[in-house]
Amino acid sequence: MSDPDTAHKPDMAPEAGELVDPISAKPHFHRTDSRIAIAGHPIHAMLVSFPIAMTVCTFGADVFFWWTGDAFWARAALWGSGMAFLFGVAAGLSGTVELLFVRGIRVRAESWTHFVIAVMLLSILGANWGWRLQGAVQAVLPHGLLLSLLAVAFTAFTGWHGGKLVFHYQIGVSSTGSER
Ligand code: HEM
């Protein structure tokens, strides 16, 4: 992985004997502005809140069902897991278009790491929803609850890594800000 602070910048000539990472030396390496955006606001960043919140709510509903035995919570978890999956797919599609269309994002290994973790998360979210479609109440204990727990852990991992892309590597941010 290349450190953005030390990575060779194309407008700076390398010093004699300095090793240059051929990926970071590409002219478009530092062009990582979000293109899938509304008025400069990245759509992916706006959408990810929904699967994150719905996944946590589904886990909460499962715990309440375990605690109270009230079928309401099992039905809430069925809807929550479905929304988590569908909004997760929508967020994933916007992220994938960004990944494929922005060259500075596409050439970075970190972006692909995020993609792989996110696809694993979407598989878990899909399994969690599909498992409940045959019967919301019977599905919760124990497998629904365990799937929800796994989904929360993977959501935290995916979200943390997505934040790292933005805050550490400045991927998907606007370099021109409000001047754009
Ligand atoms: C499946 C394919 C996915 C791809 C290719 C992808 C790609 C990206 C990219 C390129 C960024 C940098 C910001 C931007 O360009 O908008 C990003 C940020 C982020 N991603 Fe994903 N992503 C995917 C799925 C997900 C999912 C399912 C989640 C939900 C848990 C997620 C959570 C995040 C978060 C929290 C950020 C940081 C947003 C911010 O703070 O501005 N990603 N992702």
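**Exercise 1. Which helices each supply at least two residues of the shell around the ligand?**

Solution. The model is a predicted one, and a first step is to set out its elements: the chain has six helices and two strands, which follow one another in the pattern β-β-α-α-α-α-α-α along the sequence. The helices that each give at least two residues to the shell around the ligand are α1 (43–47), α2, α3, α5 and α6. The next step is to look at the shell itself, where 31 residues surround the ligand and the closest are Gly92, Gly95, Ala118, Gly162 and Gly172. By class, the shell holds 16 nonpolar residues, 14 polar residues and one charged residue.

**Exercise 2. Find the span of helix α5, its buried residues and what covers them.**

Solution. Begin with the length: α5 runs over residues 109–132, and its 24 residues reach 36 Å from the first C-alpha to the last, which is close to the 34 Å expected at 1.5 Å a residue. Then pick out the buried positions, which are Ser111, His114, Ala118, Leu121, Leu122, Ile124, Leu125, Asn128, Trp129 and Arg132. One of them, Ala118, is also among the residues closest to the ligand. Last, the cover over the buried residues of α5 includes α2 (49–68), α3 (71–101), α4 (103–106) and α6 (136–167).

**Exercise 3. Carry out the corresponding steps for helix α2.**

Solution. The 20 residues of α2 should span 28 Å at 1.5 Å a residue, and since its end C-alpha atoms are 28 Å apart, the two values agree. The buried residues in α2 are Pro51, Ile52, Met54, Thr55, Thr58, Phe59, Ala61, Asp62 and Phe65, and what covers them includes α3, α5 and α6. Just after the helix comes Gly69, whose phi is positive at about 75°.

**Exercise 4. At what angle do the axes of α3 and α6 cross, and which residues make the contact?**

Solution. The axes of these two helices come within 8 Å and cross at roughly 80°. Because an angle of 65 to 115 degrees counts as roughly perpendicular, α3 is roughly perpendicular to α6. On the side of α3 the contact is made by Ala71, Ala74, Arg75, Ala77 and Leu78, and on the side of α6 by Ala136, Val137, Val140 and Gly144. Sorted by class, the contact has seven nonpolar residues, one polar and one charged. Helix α6 also contains Pro142, and the peptide bond that leads from Leu141 to Pro142 is cis, with omega near 0°.

**Exercise 5. Is Ala39 buried or exposed, and where is Ala39 found?**

Solution. Ala39 is found in the loop between β1 (37–38) and β2 (41–42), and its phi is near 50°, a positive value in a residue other than glycine. Ala39 counts as exposed because it has 5 other C-beta atoms within 10 Å, where 12 or fewer is the limit for that class. Gln170 is partly exposed, because it has 15 C-beta neighbours inside 10 Å.

Methods: Residues numbered from 1 in each chain as written. Predicted model: local features only at pLDDT ≥ 70, side-chain atom pairs only at ≥ 80, totals over all residues. Helix = DSSP H or I, 4+ residues; strand = E, 2+ residues; numbered from the N terminus. Expected span 1.5 Å × (residues − 1). Buried ≥ 20, exposed ≤ 12 C-beta atoms within 10 Å, placed from the backbone. Contact = placed C-beta atoms within 7 Å. Near = placed C-beta within 6 Å. Nonpolar A, V, L, I, M, F, W, Y, C, P; charged D, E, K, R; others polar. Axes fitted to C-alpha atoms, helices over the stretch in contact; angles between N-to-C directions. Parallel < 35°, antiparallel > 145°, perpendicular 65-115°, else oblique.
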